[in-house]
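Take a moment to look at the structure below. The paragraphs after it go through a few of its parts.

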Amino acid sequence: MRIVVFGLTVSSSWGNGHATLWRGLCRALARRGHHVTFFERDVPYYAEARDFTALPGGDLILYPDWTPELRVRAARAVAACDAAIVTSYCPDAVAATALAHEAPISVFYDLDTPVTLARLAAGEAVPYLGPRALRDFDLVLSYTGGAALDALRERLGARRVRPLYGHVDPDAHRPTAPVPHYISDLSYLGTYAADRQAGVERLLVAPARRRPAQRFLIGGAQYPPDFPWTENIAFVRHLPPAEHPAFFSSSRFTLNVTRQAMAAMGWCPSGRLFEAAACGTPLITDPWEGLDTFFTPGREIVVAHTTEDVVAVLGMSEAERAALARAARERTLAEHSSDRRAADLIAALDAPEAVRGPLAAEA
C-alpha cells in the first residue's frame, strides 16, 4: 500500500511528540512492505534541531512553503497513492485536505484530540480544520479513545472513527547500559507545559525536597528560568530519541505527567510510557481514565495521586521494582509496539467501509 502523509514533522523531535511516533510507525509499515511519502514544511525551529533525515522504505519531502509547484508535486503523489493522511498541527492541513480527498481513501489523524476539542469548546479557531471540519474524510483516526471518539462524530462530523494510540519501536527503545550523567532515582522526560506544571511540582519537585539524598532528573525543552529547581534535580535540555533508551535505562523509576486537557479526556497514553516500559524502566503516572486499558495499576504501573505516593514508591524493594518493570515491558511488547499499530492502521484502511461511499457510524 502507498500512503501519503501531510504532517507536522517527522524530521525533528524538538518540542513535539509527533516525530517519534511517525518514525516508529513508518519503520513498521516499511517492514510490512508499505511505502510512505511524508510531506513536512521545513520550518527553522525544526531545521535547527533535525535528528532524522531519511524515511526507511519511503520518502521525506521537506518544502519551504505551499507553493503552486509543491501542490503539483503533492497532487502527483496523491494520484499514485492508496490513502492520504492529513494530521493535526500540519501547517498546511487545509490545503492538503483538498488534495487528500482526491485519494482513494482520505484520512485525518488527530494526534492532539483533547486539544482540538478544548479549542472548539472555548470558541477558538482550529487552524488544521477546514470549513467542513471532518465530514468529508473516509476515516478519522484519533490518538485518544473513549468519549473523544463520540465527540469527533458529534462536534466535527466524523463519519467513521477509530483510535490509533501511541506506541514504541522496540528496535529503537530497549534496555541499555546506564549512563552516569543520566543516573537518577526518578526521571521525567517531557517538554515544559504550563498545564502540567502543577503535576510535575507535586510528583517530582516535592519528592526531591523530601529526599535530598536521592537524585532526580528532568529532560526536555522550553523550561523557563523560574522553574523551581532544587540542588538534587538535574536537567538535560532536549534529548533526541537516540538518547531516550540511555535516559530511561539509567533511571530507577520514571514519571509520566499528563497534560490537563488530555487527563480530563482520558484514554490518551503518552508515547513516553511505552518507550520507558520497553527500556525496562518502572513507571509512575498521574491518574487518568482508561489507564487500565493499557497497563494494570499495581502490577505494571504505579498510579500516584500525591507527593507521599511517589515517596513511598521510591522506597520500593529492588525485587518489587524489577517485577513492575518486567511486567510493563512484557505488556508493551505484546500490545503497544509500532508494528501492532501499523497492523491496526492497515486493517482500518483495508476495511470494506473505508472505500469511498456511504459510511455507517461505528460504535
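This is a predicted model: local features need pLDDT of at least 70, side-chain atom pairs count only at pLDDT 80 or more; totals for chains, interfaces and linings use all residues.

Residues are numbered from 1 along each chain as its sequence is written, and side-chain values use heavy atoms, with hydrogens and water left out.

Helices here are DSSP runs of H or I with at least four residues, strands are runs of E with at least two, and both are numbered from the N terminus. In helix α5 (residues 113–121), Thr113, Pro114, Val115, Thr116 and Leu117 are buried; buried means under 20% relative accessible area, exposed over 50% and partly exposed in between (1.4 Å probe, protein chains only). The cover over these buried residues includes β5 (106–110), β6 (139–142), α6 (147–156) and α9 (260–265). After α5 comes Gly123, with a positive phi near 75 degrees.

The structure has 17 salt bridges, each a side-chain nitrogen of Lys or Arg within 4 Å of a carboxyl oxygen of Asp or Glu. Side chains of opposite charge can pair when their charged atoms come close. Arg31 pairs with Asp171, their closest N and O atoms lying 3.7 Å apart. Arg31 belongs to helix α1 (residues 18–31), while Asp171 sits in the loop between β7 (161–163) and β8 (184–189), 140 residues apart. Arg31 is partly exposed at 46% relative accessibility, and Asp171 is exposed at 52%. Arg299, Glu300, Arg331 and Glu335 are joined in a salt-bridge network.

Methods. Contact means heavy atoms within 4.5 Å.
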